[in-house]
Amino acid sequence: MSLAGRFLFSAAMDVVPDRETLFHEVYDTEHVPLILTVPGVISAARFELQPLTMRLGGERTTMDPQGAPRFHALYELESPDVLLTDAWAKAAEQGRWPAHVRPHTLNR
């Protein structure tokens, strides 16, 4: 798959432990669906960072990303200008995300 002519925007953060369930619920059921309605947003995917063990240089190596944000979202955009649109700004401020989740995120 080629991403020629498209752009990736990455968001990464941690969330305080007692808000993690709400974080995932709102991210999956409200925040990402709202962002996907923005013209120029092609797709979105979420990831959780974990230690990785692989063969590198002929040896088994484990990389532990301690200190890095645990939760990531990757947005495929038609242009980086999508992030400057009124539609993006409006979508990012709807639902429970701004008041109930964002204040409990850190390490962004």
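Guide: Helices (H or I, at least four residues) and strands (E, at least two) are DSSP runs, numbered from the N terminus. Leucine 52 lies in strand β3. The model is a predicted one, in which local features need pLDDT of at least 70 and side-chain atom pairs count only at pLDDT 80 or more, while totals for chains, interfaces and linings use all residues. Residues are numbered from 1 along each chain as its sequence is written, and side-chain values use heavy atoms, with hydrogens and water left out.

Visitor: Why is leucine 52 called partly exposed?

Guide: Buried means under 20% relative accessible area and exposed over 50%, with partly exposed in between (1.4 Å probe, protein chains only). Leucine 52 has a relative accessible area of 42%, and is therefore partly exposed.

Visitor: What makes the pair of phenylalanine 9 and tryptophan 88 edge-to-face?

Guide: Rings of Phe, Tyr and Trp (its six-membered ring) pair if their centres lie within 6.5 Å; planes under 30 degrees apart count as stacked, over 60 as edge-to-face and the rest as tilted. The structure holds seven aromatic pairs. In the pair of phenylalanine 9 and tryptophan 88, the ring centres are 5.9 Å apart and the planes stand at 80 degrees, so the pair is edge-to-face. Because phenylalanine 9 lies in strand β1 and tryptophan 88 in helix α2 (residues 86-92), this pair ties together parts that are 79 residues apart in sequence.

Visitor: How do you know whether tryptophan 88 is buried or exposed?

Guide: Tryptophan 88 has a relative accessible area of 12%, so tryptophan 88 is buried, whereas phenylalanine 9, at 27%, counts as partly exposed.
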